[in-house]
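The exercises below are to be worked with the sequence and the coordinates at hand. Each task is followed by a solution in steps.

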2 protein chains.
Amino acid sequence: MEAMPKISESEWEIMKIVWKENPLTAEQIAHKLPEGMGWSDQTVRTFINRLVKKKALGYEKSGRSYLYSPLISEKECVRAESRSFLNRVFNGAAGLMMTNFLEETPLSDQEIERLQRILTEKQGKGSQDASRPKP
Amino acid sequence: MEAMPKISESEWEIMKIVWKENPLTAEQIAHKLPEGMGWSDQTVRTFINRLVKKKALGYEKSGRSYLYSPLISEKECVRAESRSFLNRVFNGAAGLMMTNFLEETPLSDQEIERLQRILTEKQGKGSQDASRPKP
DNA sequence: GTTTAACTATTACAAATGTAAATATAACGG
DNA sequence: CCGTTATATTTACATTTGTAATAGTTAAAC
């Protein structure tokens with residue numbers, strides 16, 4: 001798992017785009033950025049370069065430009081970032097965090113049902129006891 | 001709501017302590033920090049000072065030292081940080097985020113039940129339709 | 001082939017952050 | 001009162017981040 005590189009806020013914007021679809025040229029990435037972003041082309045390229053340096057993006061030459069692709073998985077990054085957030089803000093208490101989110105966030109009935117289904121599924125599975133002997 | 005100051009990772013450690021109990025002297029804060037932290041006394045004082053500069057902490061003189069107290073509420077900070085995280089990592093999709101957490105996090109049956117209770121309570125309340133006329 | 005237009009790479013620079021040392025200050029002990 | 005010492009304030013410095021401008025390179029066009 002190679003110690004996830006630390007992805008900054010701006011770099012996340014780039015990564016989200018490249019995860020969704022790849023490979024992409026720098027220009028394509030710049031164009032797919034959300035409107036309000038307002039970054040100059042050079043800024044975008046700087047972020048891309050930093051991500052390459054961090055081994056978060058890889059590239060291959062194609063014509064006059066490079067095609068960038070992710071070298072680290074979105075799942076891993078989301079997991080790492082989530083853990084960091086959880087520790088920073090909730091001292092690692094996932095239950096507390098979720099309670100908090102549930103209380104603060106408006107959810108559609110559909111979403112509520114989906115979450116409930118997931119919870120019910122989890123229920124029997126005894127995931128609270130991680131120390132069982134392997135069969 | 002005064003545009004929450006941005007609290008850095010290290011600064012969060014300080015704030016969490018002062019929120020839990022206050023007022024505290026710099027020394028007390030330093031002592032209450034988690035073991036593994038390994039910050040020098042001066043480092044802790046630097047963080048405290050930055051938090052004062054950011055108006056996150058206030059102080060009052062007492063004998064030879066200051067007593068620090070939070071000027072911003074934990075709730076507000078948690079909310080701000082949560083929103084930032086949600087946007088950065090999940091593009092603001094709270095439902096997706098929660099699904100993800102539920103799937104990845106081991107929870108005790110107790111916690112599961114608590115979350116289910118909260119969800120059930122939310123269910124009728126139609127929080128997905130925020131545009132109802134006030135009674 | 002040489003110019004040029006598009007890309008990349010290098011460099012810049014200020015603010016924030018992590019980490020502290022050095023210096024000033026003031027209160028407490030005697 | 002005066003020194004000692006605990007505190008606070010100032011200063012330091014490297015790294016990361018946000019935000020580019022400028023310089024270098026190379027494929028494409030002619």
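**Exercise 1. Overall dimensions**

Task: Compare the radius of gyration of chain A in this predicted model with the value for a compact globule of 135 residues.

Solution: 
- Step 1. For a compact globule of 135 residues, a radius of gyration near 14 Å would apply.
- Step 2. Chain A has 19 Å instead.
- Step 3. Along the principal axes, the C-alpha atoms of chain A occupy a box of roughly 55 × 40 × 25 Å.

**Exercise 2. Fold and surface of chain A**

Task: Determine the order of helices and strands in chain A, and describe the burial of its residues.

Solution: 
- Step 1. Six helices and two strands are present in chain A.
- Step 2. Among contacts with a separation of 6 or more in chain A, 50% are made by residues 24 or more positions apart.
- Step 3. Buried residues make up 38% of the 135 in chain A.
- Step 4. The accessible surface of chain A is about 8,300 Å², and carbon and sulfur atoms contribute 48% of it.
- Step 5. Chain A carries 21 positive and 19 negative side chains, with 7 Å between the centres of the two sets.

**Exercise 3. The nonpolar core**

Task: Identify the residues with the most contacts inside the largest nonpolar core, then trace the surroundings of B:Ile14 and B:Ile29.

Solution: 
- Step 1. The largest nonpolar core comprises 72 residues, and A:Ile14, A:Met97, A:Met98, B:Ile14 and B:Met97 have the most contacts inside it.
- Step 2. Beyond its neighbours within four places in sequence, B:Ile14 contacts several residues, including B:Ile29, B:Trp39, B:Phe47 and B:Leu57.
- Step 3. B:Ile29 belongs to helix 2 of chain B. Its relative accessibility is 0%; because the limit for burial is under 20%, B:Ile29 counts as buried.
- Step 4. Residues up to four places away in sequence aside, B:Ile29 touches, among others, B:Ile14, B:Ile17, B:Leu24 and B:Tyr68.
- Step 5. B:Leu86 is 57 residues from B:Ile29 in sequence, and their C-alpha atoms are 30 Å apart.

**Exercise 4. A residue of helix 3**

Task: Locate B:Val52 and list its contacts, leaving out residues up to four places away in sequence.

Solution: 
- Step 1. B:Val52 is part of helix 3 of chain B, residues 41-53.
- Step 2. With that exclusion, B:Val52 touches B:Leu57, B:Tyr59 and B:Tyr68.
- Step 3. From B:Val52 to B:Ser69 the sequence separation is 17 residues, and the C-alpha to C-alpha distance is 9.6 Å.

**Exercise 5. Backbone exceptions**

Task: Which peptide bond is cis in chain A, and where do A:Asn91 and B:Lys55 lie?

Solution: 
- Step 1. Most residues other than glycine have a negative phi, and most peptide bonds are trans.
- Step 2. The bond from A:Asn22 to A:Pro23 is cis, with omega near 0°. A:Pro23 sits in the loop between helix 1 (9-20) and helix 2 (26-32) of chain A.
- Step 3. In chain B, a cis peptide bond joins B:Asn22 and B:Pro23, and B:Pro23 is in the loop between helix 1 and helix 2 of that chain.
- Step 4. A:Asn91, which is not a glycine, has a positive phi of about 55°. A:Asn91 lies in the loop between helix 4 (74-90) and helix 5 (94-104) of chain A and is exposed, at 54% relative accessible area.
- Step 5. B:Lys55 has a positive phi near 65°. B:Lys55 occupies the loop between helix 3 and strand 1 (57-62) of chain B and is exposed, with a relative accessible area of 60%.

Notes. Residues are numbered from 1 along each chain as its sequence is written. Chains are lettered from A and ligands numbered from 1 in the order in which they are written. This is a predicted model: local features need pLDDT of at least 70, side-chain atom pairs count only at pLDDT 80 or more; totals for chains, interfaces and linings use all residues. Side-chain values use heavy atoms; hydrogens and water are left out. Helices (H or I, at least four residues) and strands (E, at least two) are DSSP runs, numbered from the N terminus. The radius of gyration is taken over C-alpha atoms; the globule rule is 2.2 Å times the number of residues to the power 0.38. Buried means under 20% relative accessible area, exposed over 50%, partly exposed in between (1.4 Å probe, protein chains only). Contact means heavy atoms within 4.5 Å. Accessible areas come from the Shrake-Rupley method with a 1.4 Å probe; for residues, only the protein chains shown count as cover. Lys and Arg count as positive and Asp and Glu as negative; His and the chain ends are not counted. The place of a charge is taken as NZ of Lys, CZ of Arg, CG of Asp or CD of Glu. A nonpolar core is a set of buried Ala, Val, Leu, Ile, Met, Phe, Trp, Tyr and Cys residues joined through side-chain atoms within 4.5 Å.
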